[in-house]
Amino acid sequence: MARQYEFRPAKAAQRMMIVDACRRLTAIAPLVKYQYVGFGGLEFIDFVEFHRGLGVPQMTSIERDTNMQHRLDFNKPYKSIRVLMGEARDQLPQVDWTQLSITWLDYTDVLTTDILRDVDFVVRSSQPGSIVIVTVNGATTKVPVPERLSNLRASLGSHVDDSLTEKDMAGWGPTKLERSVLQATAHAAGRQAHGLPFRQLFNFHYADDAKMLTWGGITTSSSLDRTIDSCRFEDLHFIRGDDDPFEINVPVLTEKEIAYLETELVGIPTPLPQIRGISSAEIKAFAQVYRWRVGSR
């Protein structure tokens, strides 16, 4: 039976990649010194991964749907998780930002000026050495190309450059615009609050269903910048510091095909292994993510 590792395989692989990158924060401080702030939802999947993978002890979940509070309290995987009910813009100020933080603002909406205000607040409030991640809808799924630019202008106003045209909206064009707007917002907030611009680490494109963008990086300062260099995030092949995205594609493979490819891929052989009936593009895509697929650890 073919499988895709779980219902949202690209999101799952991305989550494990981010956890892997955060392990390198030990050059800055012990991981137990960090807190995790996110949007847990009923399953709190990210919270489980960040606690198991990093040992982060203190966690805060912000939940928009106030009608779900009893179910959220019941489904918390750890009693210590603090749940704040309400919109992110109202609850983010309730977080203790004097601690080092890993914050994941995991929205399902397209990027808006309200989200940018949340990003600006978190970057300014976070201590240097903190991770800030944002996920937004890529603004392309089920939206005809001729409507994409006007939709983005309605959501982002003056953040959308007047020089952009409909041609810039083909493919992942709107998603690339969202990344540039997020980076510009964080860059300015970091420089004003901490003396140096925000350093981008993540620029993921993926599409389990809708096309999505996950962007993020680390707050820095003049006294910490060299220490962040020593984390050597760039040694991880999925780290992206510019507008070139890392696209996550998870091919549908059988258990036997997965087992064979994993056996052959250790050491990154050249050329890549082959299986008749599976394209080289699918095998290459699997090689990019197999270490971080669900069930690989």
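1. Q14 is found in helix 1; helices (H or I, at least four residues) and strands (E, at least two) are DSSP runs, numbered from the N terminus. Leaving aside neighbours within four places in sequence, Q14 is in contact (heavy atoms within 4.5 Å) with W104, F204, Y206, T214 and I248.

2. A word on the model before going on. It is predicted, with local features needing pLDDT of at least 70 and side-chain atom pairs counting only at pLDDT 80 or more, while totals for chains, interfaces and linings use all residues. Residues are numbered from 1 along each chain as its sequence is written, and side-chain values use heavy atoms, with hydrogens and water left out.

3. T214, one of the contacts of Q14, belongs to strand 8, where M212, T214, G216 and I218 point one way and L213, W215 and G217 the other way. In a regular strand the side chains alternate between the two faces of the sheet. Strand 8 (residues 212–218) is largely enclosed by the rest of the structure, because 7 of its 7 residues are buried.

4. Which strands pair with strand 8? Strand 6 (residues 131–137) does so in the antiparallel sense over 7 bridges, where pairing requires at least two bridges found by DSSP. Within that pairing, V134 has W215 as its bridge partner. Strand 7 (residues 199–206) also runs antiparallel to strand 8, joined to it by 7 bridges, and Y206 stands opposite M212. Strands 7 and 8 form a hairpin with 5 residues between them.

5. Of its 47 residues, F202 and I248 touch the most other members. Helix 1 gives the most to this core, with 7 residues. Apart from it lies another core, of 33 residues, including V37, V132, L152 and A189.

6. I248 deserves a look of its own. Not counting residues up to four places away in sequence, I248 touches A10, A13, Q14, M17, F204, H205, Y206 and V289. V289 is one of the buried residues of helix 10 (residues 280–289), along with I283, A285, F286 and A287. These buried residues pack against helix 1, strand 9 (246–248), strand 10 (253–254) and helix 9 (255–265).

7. The largest pocket has a volume of about 810 Å³. Here a pocket is an open set of points on a 1 Å grid over the protein atoms alone where a 1.4 Å probe fits, with protein on both sides within 12 Å along at least five of seven lines; lining residues have an atom within 4 Å of a point. The volume is the space filled by probe spheres set on the points. Of the 33 lining residues, F39, G41, D106, Y107 and T108 are the closest to the centre. Strand 5 gives the most to the lining, with 4 residues.

8. Finally, M68 sits in the loop between strand 3 and helix 3 (69–75). Its relative accessibility is 22%, so M68 counts as partly exposed. M68 and L42 are 26 residues apart in sequence and 8.5 Å apart in space, C-alpha to C-alpha.

Note on methods:
Buried < 20%, exposed > 50% of the residue type's maximum accessible area, 1.4 Å probe, protein only. Core = buried A, V, L, I, M, F, W, Y, C linked by side-chain atoms within 4.5 Å.
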